[in-house]
Amino acid sequence: MSATTAEHAVEHAVEHAHDAHSHVPPYHVQLKSNRMGLWLFFISEIFLFGALFAARFYLWHVPGVGQTRPELSQELGLLATTVLLVSSYFVFRGETAMEHGDRSRFLNSYMMAALLGLVFFVAVVVMEWNVFGLEGSIAGIELFGHLGIDDGVYAGVFYAMTGMHALHVITGVLLLLFVWNRGRKGDYSPERHWGVEGCALYWHYVDVVWVFFYPALYLIGTPWH
Amino acid sequence: MNFIRNLLLGLWYILTSSYIKGLIGQALFTFLGFQFLNLLLPDNLSEFSLMIGAIIGVIGFLLFAGVLTDWLLWIGGKETPLKHGAREGRPEWTRYLGPDVNHKVIGIQYGYTSLFVLLVGGLFALIFRLELAQPGMQLLDYQQYNTLFSAHGIVMIVSILLGVGAMLNYLVPLMIGASDMSFPRLNAFSYWVSIPAIVLVLTGMAVGGWDTGWVGYPTLSLVGPLGTMFFLLGFYINGISSIAGSINVLVTTATLRAPGMSLFRMPIFVWAALATSLIQFTATQTIAVALTLNLLERATGLVFFNPAQGGDPLLYQHLFWFYSHPVVYVFVLPGLGIISELLPVFARKPLFGYKWIALSSLGIALVGFLVWAHHMFVAGMSDTLRIVFMISTLFVAIPTGVKFFSWVATLWEGKIELSTPMLFVLGAISVFLIGGITGPILGTVPTDLHLHDSYWVVGHFHATMFGGFIFPFFAGLYYWYPKITGHMYKEALGKLHFWLMVPGFWVMSFGQMSAGIMGMNRRYADYDPALGIETQQVLVTLAAFVIGWSVLIMIYNFIASARTEPVVSMNPWGSRSPEWQIPSPAPEFNYDVPFEVVGDPYDYGLDKPYIRFQVVAGD
Ligand SMILES: [Cu+2]
C-alpha cells in the first residue's frame, strides 16, 4: 500500500524541515496567477456593468416609442470620451517604456494618464452631473449639465451608470499614482513589472467599459423628456 | 497563580484582538463619516450620509483590524513579505484573533464564525417558531416577527456562505497539493470583510428592523424603517467577500495543482469548489447592482423601481434572482461535493462515474443561470417567459439526477461503515431527495400558482439547504475534525447528534409542507385556527428545538474532544486523498515533501496508488 511509503516520506520530511521561502511559488507562477486573477476580476465586472447596461435598456424603453435617452450635452460626452481614450494611449506608452527600461518616459506617461483620468472625472461629476450647480458657456456650448435628481428613471440610470464607472476611474487614477510613486522610488524592471502591467490592464478595461456606456447613454434611442 | 496569569493574558489577547479593534474602528469611522457628510449635505439626504458613513465604517473596521496594513505599506514603497505563525511570544491560538495569511487558519476562522452565526440565526428561528406554535400573538408584535424572520433568512445565508468559505479555504489547497492559496492576503481580506457585513445586518435589527424578508423587494424596501438600509448594505458588503474569495479559489486551482493532477484526477470536491466559485464570482455582481440601486433609491430619491415615479419593481426581481437562484447552488454544490468525496471512503469502493459527477457540477452551475425567473411566476411576468423558465427549471433535474444515480451506484454492494460522517452523508441524501422531489412542483407554473408563498416553499427550501449544505457540512466537520485538530471526536455524541437531528428534520420538513398545502402562508405572523394546522405548527416548533439542541451537542463535542480525546493515527478513515497522507494538524506549508499524482483518486479496493511522494534530494 501507498500509506507506508507516504509515512516513510513524511518522516524524512521532518528531518529535512524546509523554510518558508521554499514554499513561495516561483515568480513566473505568481505572475501567471496574478494575470489570471485580474482577468477573472474583469469577467466578474462584466456582470456588474452588464447588469447596469441591462437596466438602462429595461428602464429607458418606452412602450410604443422604443428606446429613449435623456437630453444630454453631446459636446461634454464627446470631450470626456476623447480624454479617456487618449489617457489609455499614455498608459500603453508608459508600459512599453518600462518594458524597454525607459523609466522617465514610463513615469511621465503614467502621470499624464492619471491627470487625464482626473479631467474625465471632472467632466462627468463637476460638469455633466453639475454637483455644484454652476452655469456658464463657451462659444455657445453649455459647460454644465441639466439632468436633475428628480428626472425619474433618466436621472436614476444616468447617475448609476456614470457613477459606478467614475468610481472605477478614481480607483484607476489612484492605482496609476501608486505605481508611479513606486516607480519613482526605483521599483520595477523590464523583467519584473507586474504592478505596471496590472495597472495598465485595469485602465484599458475601464476605458473599454466606457466605450459601451457612452453610446448607451448619449447616442442610442430618441431624446426624451 | 500561573493559571490565573494565563487566563488574564488570554483575556487581554482577546480584548486587543482584531475583532475588537475592528469593531471600534467601524463604530468610530461610521460616526465620523456620518457627521462629516451630514454637515456637508442637505437635510433630506441624511440617510444617504448615514449609508456612506456606514461604508466608511467598513473601511474603518479593516484598517483597525490590520487587514489593509500590508497593502498600505506596499503603496508607501515598502516590501512586505508574508508573515507566518503567531506573533512572537504569543501562544499559537492567538493566530486566530487577527488577519493570518495561512489558508488553514483562515478556513478555521470561516468555520467557527459560520457556526457562531448559525447559532444566532437559529436562535431567531426558535423565537418566531415559538410564536407560530399557537394561533394568535403571544410573544412578539408584528414588526418584531417580521424582523426576526427576515434576519433569520439573511443571517443563515451569511452563515452558509461562511461555511462554504471554510470548506473551500481549508480543503482546496490541501487537496491539490499547494502550500497556500494564490493570493494569501486577499484571502485574509475576504474573511475579515464579512465581519463588518454581519455587524451591519445585526445593527439593522437594532435600529428599527425591517420587514422585507431576505429578498428586500421594492417598493416595500423603499418605505421600510431604517433597519432596511443596514440590512441591504450588510448584504452588499458580504458580496465583496464572495467575489474575492471565489477568484482566489479559481486561480489557486488553475495554477498550483501538484504535478500529474490533471483536471479529471482532482479530488471530486475540488470540482464542486470550482463550479461554486464560477457562480460566485459572476452572479454576485448582479445582486450588487440590485442592492446598489435599491439603496440609492431609498437614500437619494433617484428612481429605478417605484412604479409611481416611472420605475419598474420587476427589474429588481430580475437582478435579484439572477444571483439568488444560482447562489443556492453555491450553497449545495460544495455539500454535494462532500457527499461524493466521502461515499467512496466509507463504502470502500470507487466513486461511480467520476467524470459524470464532475461535469454534472458544471452542468448545475450552468443551468442555474437560466432559471432565475421561476421565482416570479406570480409577479406579473409575460406568459411566454413563464413557459420558458418552467422548461429550463425542469432541466435542473438532469444533472442533479446524475449525482443521485452515481451515489446509489457507489453504495451498491459496498462495505459500508456507519461512522458519524457517513451517517450524515446518508441523512443528507435522504433529505436532499425530499428537497429534490418537492422542487419540480414549484417549478411548474400551474402548481406554483397555488403553492407560491405558502409554507410548502419553506419546507422545500429548508430540505434543499439541510440536505445540500447543512448535513454534508456537518459530515465534513466530523470527517476532517481529526485532520484539523489532531484528535478524534467522541463517536457516541456524534451518533446522538445524528439521531436527534436527521429524524427531527424529517418531522419539521413534513410538518412545514403539510401546513403549506393546508393554507399556511409563509412570512405570516399569525394564522386562522380554522385551517386545522395547529398540530403541524407544534410539531415543527418542537422539531426545531430538537435540531437546535443537537447542534449544541456537536459544538460541545468539538470543544471537549480537542483536549481530551486521544491523538489519532495519520489516516483514521483509510482515505486515499493527499491530505490524509501527512500528519494532523497539517504542517504550516502542508506538504514538506511534494507529491506527484500517478493514479485515479477513488480506486478504493484496487491496489493502485493515487499519489507518490517525491524522493527528497540528498537522501
Ligand atoms: Cu430558484
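Reply: Domain 1 of chain B and domain 2 of chain B bury about 1,800 Å² between them, with 80% of this on carbon and sulfur atoms; buried area is the accessible area (1.4 Å probe) that two parts lose on being put together, summed over both. Within domain 1 of chain B, the residues that lose the most area to domain 2 of chain B are B:Tyr19, B:Glu47 and B:Met51, together 31% of what that side buries.

The model is a predicted one, in which local features need pLDDT of at least 70 and side-chain atom pairs count only at pLDDT 80 or more, while totals for chains, interfaces and linings use all residues. Residues are numbered from 1 along each chain as its sequence is written, chains are lettered from A and ligands numbered from 1 in the order in which they are written, and side-chain values use heavy atoms, with hydrogens and water left out.

The domain assignment of chain B, automatic or from a database, places domain 1 at 13-76 and domain 2 at 101-613. Their centres, taken over C-alpha atoms, are separated by 30 Å. In contact (heavy atoms within 4.5 Å) are 19 residues of domain 1 of chain B and 23 residues of domain 2 of chain B.

Two salt bridges are found across this interface of domain 1 and domain 2 of chain B, the term denoting a side-chain nitrogen of Lys or Arg within 4 Å of a carboxyl oxygen of Asp or Glu. B:Glu47, already named for the area it loses, forms a salt bridge with B:Arg298, and the closest N and O atoms are 2.8 Å apart.

On the side of domain 1 of chain B that touches domain 2 of chain B, helix 2 (18-40), helix 3 (46-65) and helix 4 each supply at least two residues; helices are DSSP runs (H or I, at least four residues), numbered from the N terminus. Helix 3 of chain B gives the largest share of that side, nine residues. By type, the side divides into 14 nonpolar, three polar and two charged residues, where Ala, Val, Leu, Ile, Met, Phe, Trp, Tyr, Cys and Pro count as nonpolar, Asp, Glu, Lys and Arg as charged, and the others, Gly among them, as polar.

Chain B also meets chain A: 52 residues of chain B are in contact with 47 residues of chain A. About 4,100 Å² is buried between these chains, and carbon and sulfur atoms give 72% of that area. One salt bridge is counted between them, in which the side chains of B:Glu79 and A:Arg182 meet (2.8 Å, N to O).
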